[in-house]
Amino acid sequence: MPEHDEAEDQHAHQFNRSGRQQHAQHGRGAQQHQRHSGNWFWTTIAAPVALLDRAIVRLLPAVPKPVVQRLSSRYIAGPALDDAIRVVRKLNAKGKMATIDVLGEDVTNPDEAHAIAGQYHDVLARVGDERLDSNISVKLTGLGLELDYGLCRENLEAVVGDAAARGSFVRIDMEDSSTTDRTLQLYRELHADGLDNLGVVLQAYLRRTLSDLPGLDNVRLCKGIYVEPPELAFREYEAVRVNYVRCLEVLVRQGSYVGIATHDEHLIREGLRIVRAAGLDREQYEFQMLLGVRPDRADELVADGHRVRVYVPYGSHWYEYSVRRLQENPKMAGYIASDIFGRVLGR
Ligand code: FAD
């Protein structure tokens, strides 16, 4: 698995659950456009190029699957559990912890949901047998949330119970805003039943997030990836950052364990500032990053004595996750263009 480092600019593409891109009017590019609109270079060269970039990235779902697979290989461990285990072993050797995600969301029948739960049991067993430093991340729609709340709860409870028996931990990923209430409710219900090896994810782009914080004792804080309407979510790049910092400060103040999940250098520095100011020791927080994104920055954090956890997805349902990651990569338009034009030119 290649581990690349990127210090690239943000395009602020966001996606709905099926991986389609929304119009990214709110990214740093859009702000630069406004800021530089009187500038000759910007209006005649840079803006049209940025538009072309966005158009190319928007076309990603039309790119042949083998190309998507090739371009996204750094973000995904592979199709099989063995692939994930191999990647986690390498991460652990570099002092990084992991969280394994079985790819698969929006299942259409209970058998699929049971099958995904079964794969998580296999993950927990392998991680335990090999004494790896990894927990798991689950998506509730993969465990049947859209089919039946009770079914989802049953699957989640079984996975969390298994994890508890093995001394492991389960992070519930957060999906689009139609699932937020039910996700928090399930988290709270299981917690109230005594299952405390369980944490949830909150998204800084949602306006409601600040009011969701009280009572949550273990939170991964991320910006959020799904398409949300402006009445529910901040759209501007800076507004999301401001809310991220505000939420992080509250979480730390209320004594929650936080997973600071971001590759945004500004937020990494703010995270460092906040945990330092609060006098937290290294066991009371962690940084989190996605496999294949800024691995060198993760190495630096580890070298500086911080704990870093890498999100390791694997499985046969790689396509939607790949499209999301590729559309978030600021260099993707260039990669796609060179791949496509390279073929046209017979390279
Ligand atoms: P950005 O501004 O998007 O990125 C900052 C910089 O990171 C970019 O300028 C670029 O240099 C680099 N970068 C970012 N993405 C890429 C990429 N794909 N390829 C190359 N470089 C890149 N979202 C949810 O909605 N629910 C979840 O449960 C969830 N779980 C997550 C778990 C983890 C561990 C992480 C790290 C993210 C998770 N996300 C989740 C995604 C998150 O919401 C953001 O969409 C994603 O992290 C990008 O935001 P950012 O904070 O890294 O900032």
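Is R294 buried or exposed? R294 is buried, with a relative accessible area of 14%. The model described here is a predicted one. Its protein chain contains 13 helices and 8 strands, and 54% of its 347 residues count as buried. Among contacts between residues at least 6 apart in sequence, 74% join residues at least 24 apart.

**Two arginines with positive phi**

- R294 has a phi near 45°, which is a positive value in a residue other than glycine.
- The position of R294 is in the loop between β7 (285–290) and α11 (295–303).
- R294 counts as buried because its relative accessible area of 14% is under 20%.
- R131 likewise is not a glycine, yet its phi is positive, at about 50°.
- The loop that holds R131 runs between α5 (110–129) and β2 (134–138).
- R131 is exposed, since its relative accessible area of 77% is over 50%.

**Salt bridges**

- The count of salt bridges comes to 29.
- One of the pairs is R126 with D82, whose closest N and O atoms are 2.8 Å apart. This pair links distant parts of the chain, with R126 in helix α5 and D82 in helix α4 (residues 81–93), 44 residues apart.
- Both partners are partly exposed: R126 has a relative accessible area of 23%, and D82 has one of 46%.
- R89 forms a salt bridge with E130, and the closest N and O atoms of that pair are 2.8 Å apart. Here too distant parts of the chain are linked, as R89 belongs to helix α4 and E130 to the loop between α5 and β2, 41 residues apart.
- R89 is partly exposed at 40% relative accessibility, and E130 is also partly exposed, with a relative accessible area of 30%.
- R126 and E130 are themselves joined through their side chains by a salt bridge, at 3.1 Å from N to O.
- Elsewhere, a network of salt bridges links E265, R269, R294, R297 and E300. The buried R294 is therefore a member of this network.

- In soluble globular proteins, nonpolar side chains tend to be buried together.
- The largest nonpolar core of this model has 79 residues, and L156 and V312 are those with the most contacts inside it. Apart from this core lies another, of 19 residues, among them L60, I76, L290 and Y311.
- Leaving out residues up to four places away in sequence, V312 touches A77, A84, V87, V88, L91, A98, T99, I100, D101 and L291.

**Packing of helices α3 and α12**

- Two packed helices are described by the angle between their axes and the distance between the axes.
- Helix α3 (residues 65–72) packs against helix α12 (residues 319–328) at an angle of about 65°, and their axes are 10 Å apart.
- The crossing of α3 and α12 is left-handed.
- On the α3 side, the contact is made by K65, V68, L71 and S72. On the α12 side, Y319, S322, V323 and L326 take part.
- Sorted by class, the residues of the contact between α3 and α12 are 5 nonpolar, 2 polar and 1 charged.

**A buried arginine in a strand**

- R171 lies in strand β3 (residues 170–172).
- R171 counts as buried because its relative accessibility of 3% is under 20%.
- Neighbours within four places in sequence aside, R171 is in contact with I136, S137, V138, G199, V200, V201, N218, V219, R220 and Q288.

Notes:
Residues are numbered from 1 along each chain as its sequence is written. This is a predicted model: local features need pLDDT of at least 70, side-chain atom pairs count only at pLDDT 80 or more; totals for chains, interfaces and linings use all residues. Side-chain values use heavy atoms; hydrogens and water are left out. Helices (H or I, at least four residues) and strands (E, at least two) are DSSP runs, numbered from the N terminus. Buried means under 20% relative accessible area, exposed over 50%, partly exposed in between (1.4 Å probe, protein chains only). A nonpolar core is a set of buried Ala, Val, Leu, Ile, Met, Phe, Trp, Tyr and Cys residues joined through side-chain atoms within 4.5 Å. Contact means heavy atoms within 4.5 Å. A salt bridge is a side-chain nitrogen of Lys or Arg within 4 Å of a carboxyl oxygen of Asp or Glu. Axes are lines fitted to C-alpha atoms, for helices over the stretch in contact, and angles run from 0 to 180 degrees between N-to-C directions. A crossing is left-handed if the near helix is turned anticlockwise from the far one by less than a right angle, and right-handed if clockwise. Ala, Val, Leu, Ile, Met, Phe, Trp, Tyr, Cys and Pro count as nonpolar, Asp, Glu, Lys and Arg as charged, and the others, Gly among them, as polar.
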